[in-house]
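Hi everyone, thanks for coming. Let me put the sequence and the model up on the screen, and then we can walk through a few local features together.

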Amino acid sequence: MAMTAAEVLKMAKDNEVKFVDFRFADTKGKEQHVTVPVSHFDIDKFESGHAFDGSSIAGWKGIEASDMLLMPDPSTANIDPFMEETTLFMQCDVIEPSDGKGYDRDPRSIAKRAEAYLKSSGLGDTAYFGPEPEFFIFDDVRWGADMSGCFVKIGSEEASWSTGAKLEGGNTGHRPTVKGGYFPVPPVDSFQDMRSEMCLILESLGIPVEVHHHEVAGAGQNEIGTKFSTLVERADWTQNMKYVIWNVAHTYGKTATFMPKPIVGDNGSGMHVHQSVWKDGKNLFAGDGYAGLSEFALFYIGGIIKHAKALNAITNPGTNSYKRLVPGYEAPVKLAYSARNRSASIRIPHVANPKGRRIETRFPDPLANPYLCFAALLMAGLDGVQNKIHPGEAASKDLYHLPPEEDKLIPTVCASLEEALEALDKDREFLTRGGVFSDSMIDAYLDLKMQEVQRFRMTTHPIEFDMYYSV
C-alpha cells in the first residue's frame with residue numbers, strides 16, 4: 001500500500017534516519033537531489049514543499065522565474081542503500097509556487113498529466129508500462145575532445161579485444177566473443193554476482209525483479225528485467241533502477257552506462273517498452289484480432305507508427321541513439337508490427353493469458369527520460385485510438401532481408417536526432433492535448449537538444465581523418 005506523509009515521518013523515526021533526500025528528474029532524465037537534515041523534516045515539507053532554484057536546471061526557466069517547490073511523494077519513500085549516514089529519499093514533483101500546479105516542464109508532472117488525460121478521455125483508466133533497459137558495465141572509460149583532437153578508450157576485461165592483455169592476477173581467457181554474450185554461464189559471464197546484488201537491492205526498494213542475464217554484446221552488456229507498473233510509478237522505478245545499477249557497479253570499482261551505442265561493431269542497448277491500457281479492471285488490448293489483439297490495440301499501434309518520427313525525439317534523445325538505429329543491422333528501424341518477428345519495431349509478445357496481452361515498442365533506448373518517454377508513447381497510442389488509425393497488415397517476413405522494392409514500402413524511424421527534432425517540431429499537437437505537454441516545454445526541449453546536435457556536428461571525428469586526410 002502507498003505510504004502517507006505521517007507514515008513516512010514514522011519510517012524516518014523508526015529507522016533513525018539522519019537525512020532526507022528530495023529527488024527529481026531534469027528534462028534529460030538525469031536525477032537531481034537536495035538533502036535536508038532530519039531535524040528540518042516535518043509534515044510541512046509535504047504540505048508546503050521544499051524551495052529550490054529552478055533556473056539552474058538546463059532547459060528550465062531563466063532567472064526571472066527561479067523559485068520552484070519540490071513536493072515529495074510519500075508513496076516513493078525508501079531508505080537509500082548506498083549512503084554512509086541513514087538517508088531516506090523520495091521522488092518529488094516540481095511545483096510552480098504561483099499557482100500550486102505541476103511545473104509545465106517538470107517530467108514527472110507531465111507523466112502525471114498523461115495519466116489524468118487517459119482517465120478524462122474516457123478511453124481507459126490505467127496504462128501499464130514495462131521497460132527493459134539494457135546497459136553496459138566497463139572496467140574503465142576515458143575520453144577527451146579538445147582543440148588538439150579527440151579519443152575514447154574503453155577498458156573491459158570481458159571484451160574480446162582483451163584476449164592479449166596482461167591483466168593483474170593473469171588473463172584467464174574466459175570471455176564472450178563479439179555478439180556472443182547471450183548467455184554462457186560463468187566464468188564467461190563475469191557479472192553474475194554483481195547483477196544478483198543489483199536485483200536484491202532493487203527488491204529491497206520495492207521493485208519486483210523477474211529475470212537477470214548477460215546480454216548479446218560481449219563487453220559487459222547486461223539486462224535486469226523488472227515488473228510492469230502504472231506509468232508514473234514505472235518511471236520512478238526506472239530512475240531508481242539506473243541509480244542502483246550505477247552505484248552497485250561503482251562499489252565494485254566498475255562503471256555502468258545506459259548509452260545506446262558505446263561500442264562500434266557490437267550490439268547497442270535498447271529499452272523495449274511493453275504497454276497496455278485497461279478500463280474497469282479489463283485489459284483493452286485483449287481481443288480476437290491478429291495475435292489476440294483488440295481493435296483498440298491495433299489503433300493504438302497505428303498511432304505509434306503514425307507519430308514514430310516525432311516520438312524518436314523523446315524515445316531516442318541522443319545523437320548516439322542513431323548509431324544503434326541503423327537499417328540493415330539487427331535494429332528495430334522498420335515501422336511495422338508482428339507477433340513473432342523481432343525485426344519489426346512493434347512486437348506482440350506471446351502470452352498464455354489474455355490478461356497479459358500487450359504490445360512491445362522496440363525502438364526506444366535507455367537514454368530516454370522515462371517520464372517523457374512513457375507519456376509520449378501513451379499520447380501517440382491514444383491518438384491512434386481516437387482517430388481509428390489502422391496500422392495495416394502485420395509483417396510476417398524478416399524485415400531485415402526484404403527485396404528492395406518491398407523494403408522501400410515500409411516506413412522507418414528517423415536516421416538522426418536532427419531529423420527527429422524536426423519531426424517533433426512539425427508533429428506535436430497529439431502531445432499537447434489535455435495540456436499534457438505544453439508548446440513552451442516542447443520548444444525548450446528542442447532548443448536543448450539542438451545544442452547537442454550542433455556540438456556534435458561541429459566536432460571533427462577521427463573517422464574523418466581516416467577517410468579524408470590523404471585525399
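In which loop is D280 found? D280 is in the loop between β15 (271-279) and β16 (282-283), where helices (H or I, at least four residues) and strands (E, at least two) are DSSP runs numbered from the N terminus.

A quick word on the ground rules: this is a predicted model, where local features need pLDDT of at least 70 and side-chain atom pairs count only at pLDDT 80 or more, while totals for chains, interfaces and linings use all residues. Residues are numbered from 1 along each chain as its sequence is written, and side-chain values use heavy atoms, with hydrogens and water left out.

Back to D280: its phi is near 50 degrees, a positive value in a residue other than glycine. At 68% relative accessibility, D280 counts as exposed; buried means under 20% relative accessible area, exposed over 50%, and partly exposed in between, with a 1.4 Å probe and protein chains only. E16 also has a positive phi, near 50 degrees, and sits in the loop between α1 (5-14) and β1 (19-25). E16 is exposed at 58%.

Now for some cis peptides. The bond from Y182 to F183 is cis, with omega near -20 degrees, and F183 lies in the loop between β10 (149-155) and α4 (192-204). P186 and P187 are also joined by a cis peptide bond, omega about 10 degrees, and P187 lies in the loop between β10 and α4.

On to the helices. In α6 (residues 295-306), ten of the twelve residues are buried, so this helix is largely enclosed by the rest of the structure. Among the buried ones are F296, F299 and Y300.

Next, please look at α11 (residues 417-426) and α13 (residues 439-458). They pack at an angle of about 160 degrees, with their axes 10 Å apart; axes are lines fitted to C-alpha atoms, for helices over the stretch in contact, and angles run from 0 to 180 degrees between N-to-C directions. That makes α11 roughly antiparallel to α13 (under 35 degrees counts as roughly parallel, over 145 as roughly antiparallel, 65 to 115 as roughly perpendicular and the rest as oblique). The contact (heavy atoms within 4.5 Å) includes L421 and L424 of α11 and Y445 and L446 of α13.

Helix α7 (residues 308-315) packs against α11 too, at about 115 degrees, with axes 7 Å apart. That contact includes A310 and A313 of α7 and L421 and L424 of α11.

Thanks, and I'm happy to take questions!
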